[in-house]
Amino acid sequence: MTDRYFLEERGGLWAVGVHERGTREVWERFTDEDQACRWLHDRLTDEGPPPEPPTPQEMDQLLHGSEGIQRRAREALDQALAEARGRTAEEPRPDDGRAQPPPAG
């Protein structure tokens, strides 16, 4: 059975909850369908608290760690392109700014 939220009426009460991994859990019960629907809507559309801003230490790490992130991303891209083109990643890319040997001729 798929996981899902539910809203159902039983015995004059409206139950709101979740059916997850074969287990059914009632979160709230209401005497009024409108209240139950509004409660479920609020729960489903709540974005939660805004993210906390990074600490100065975290910001420093993000800013100074970006070079390593960019380098690893470039290496992964080079590897993927090399595999797609059938060359090794150690061979220079034509557009990477490395000195190219002069054309034979």
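Which residues of α2 are buried? They are Gly68, Asp78 and Ala82. Keep in mind that what you are looking at is a predicted model.

**The overall layout**

Let's step back and look at the whole chain. The protein chain has 2 helices and 3 strands, and if you read along the sequence, they come in the pattern β-β-β-α-α. There are 105 residues in the protein chain, and 14% of them count as buried. The accessible surface comes to about 8900 Å², and carbon and sulfur atoms account for 51% of that surface. What about contacts between residues at least 6 apart in sequence? Among these, 9% join residues at least 24 apart.

**Helix α2**

Now back to the helix we started with. Helix α2 covers residues 56–85, which makes 30 residues. From its first C-alpha to its last it reaches 43 Å, close to the 44 Å expected at 1.5 Å a residue. Have a look at Gly65 while you're there: α2 has a kink of about 40° centred on this residue. Just after the helix comes another glycine, Gly86, with a positive phi of about 80°.

In soluble globular proteins, nonpolar side chains tend to be buried together. Here, the largest nonpolar core has 5 residues: Trp14, Val16, Phe30, Ala36 and Leu40. Two elements, β2 (13–20) and α1 (33–45), each supply at least two residues of this core. Leaving aside residues up to four places away in sequence, Ala36 touches Leu7, Trp14, Val16 and Phe30.

**Salt bridges**

Next, the charged side chains. The structure holds 4 salt bridges, and the table shows some of them.

| Pair | N to O distance |
|---|---|
| Glu8 and Arg10 | 3.2 Å |
| Glu8 and Arg24 | 2.6 Å |
| Asp34 and Arg38 | 2.8 Å |

Start with Glu8, which forms a salt bridge with Arg24. This pair links distant parts of the chain: Glu8 is in strand β1 (residues 4–10), while Arg24 is in strand β3 (residues 23–30), 16 residues apart. Glu8 also meets Arg10 in a salt bridge. How open to the outside are these arginines? Arg10 has a relative accessible area of 58%, so Arg10 is exposed. Arg24 has 37%, so Arg24 is partly exposed.

Asp34 counts as partly exposed because its relative accessibility is 40%, and Arg38 counts as exposed because its relative accessibility is 54%. Elsewhere, salt bridges that share partners join Glu8, Arg10 and Arg24 into one network.

**One more arginine**

Finally, find Arg21 in the loop between β2 and β3. Is Arg21 buried or exposed? With a relative accessible area of 74%, Arg21 is exposed; the cut-off for calling a residue exposed is over 50%. Along the chain, Arg21 and Arg4 are 17 residues apart, and their C-alpha atoms are separated by 9.5 Å.

Notes
Residues numbered from 1 in each chain as written. Predicted model: local features only at pLDDT ≥ 70, side-chain atom pairs only at ≥ 80, totals over all residues. Heavy atoms only, no water. Core = buried A, V, L, I, M, F, W, Y, C linked by side-chain atoms within 4.5 Å. Buried < 20%, exposed > 50% of the residue type's maximum accessible area, 1.4 Å probe, protein only. Helix = DSSP H or I, 4+ residues; strand = E, 2+ residues; numbered from the N terminus. Contact = heavy atoms within 4.5 Å. Expected span 1.5 Å × (residues − 1). Bend = angle between axes of the 7 residues up to and from the residue. Areas by Shrake-Rupley, 256 points an atom, 1.4 Å probe, with all protein chains shown as cover.
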